[in-house]
Amino acid sequence: MNKVILMGRLTRDPEVRYSQGDASTAVARFSLAVDRRFKRDGDDQSADFINCVAFGRTGEFFERFGRKGTKFVVEGRIQTGSYTNKEGQRVYTTDVTVDKFRFVDSLKKQATQLVLKLFYLKGYGGLGIPKMLGGFGKAPKLCDMSKCNQISKLHDIPSKHRKDR
């Protein structure tokens with residue numbers, strides 16, 4: 001049996017590539033910082049950094065929602081491999097191939113991170129952070145897009161969709 005369950009935080013945003021061909025598949029590579037249960041004498045390192053790879057829809061999920069510092073539980077299997085680098089040396093690899101995953105951070109924290117990211121990505125950063133998120137400035141109040149006749153996904157919201165508080 002080859003089964004691994006890890007809980008840790010992403011050390012960086014996942015690196016995602018797509019396979020070539022008619023049915024391209026997402027391949028997301030990332031590493032998890034997994035805390036060690038015990039600290040060894042003379043060892044300053046308190047975490048292990050485990051390389052992971054996720055394919056297909058799982059890889060697409062990590063591309064959209066996996067961000068540095070986000071805590072996940074991943075379940076998968078250990079897979080070893082090797083390749084020859086540019087210097088002609090044989091390099092051996094060990095990765096966890098992710099089959100299942102789960103967010104561990106609270107939903108409130110995830111929502112806060114998403115809202116903050118949207119404000120800064122969409123150019124609202126100068127307007128301040130909403131008070132409900134611990135901010136002190138004035139931020140635009142967005143309309144309920146479900147009642148709007150425009151169907152959109154994380155697009156720049158036109159001025160008719162913003163309402164100042």
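Strands here are DSSP E runs of at least two residues, helices are H or I runs of at least four, and both are numbered from the N terminus. This is a predicted model, where local features need pLDDT of at least 70 and side-chain atom pairs count only at pLDDT 80 or more, while totals for chains, interfaces and linings use all residues. Residues are numbered from 1 along each chain as its sequence is written, and side-chain values use heavy atoms, with hydrogens and water left out.

Now the pairing of β3. Two strands pair if DSSP finds at least two bridges between them. β3 and β4 are antiparallel, over nine bridges. β2, residues 15-18, also runs antiparallel to β3, with four bridges; Arg 17 is opposite Val 27 there. β1 and β3 are antiparallel over two bridges, and Leu 10 faces Leu 32 of β3.

Why is β3 largely enclosed by the rest of the structure? Eight of its 10 residues are buried, meaning under 20% relative accessible area with a 1.4 Å probe, protein chains only.

Next, the core. A nonpolar core is a set of buried Ala, Val, Leu, Ile, Met, Phe, Trp, Tyr and Cys residues joined through side-chain atoms within 4.5 Å. The largest one has 15 residues, and Phe 30, Leu 32 and Phe 62 are among those with the most contacts inside it. β3 gives the largest share, four residues.

Last, Phe 62. Leaving out residues up to four places away in sequence, Phe 62 touches residues including Phe 30, Val 74 and Val 98, where contact means heavy atoms within 4.5 Å.

Key. Buried means under 20% relative accessible area, exposed over 50%, partly exposed in between (1.4 Å probe, protein chains only).
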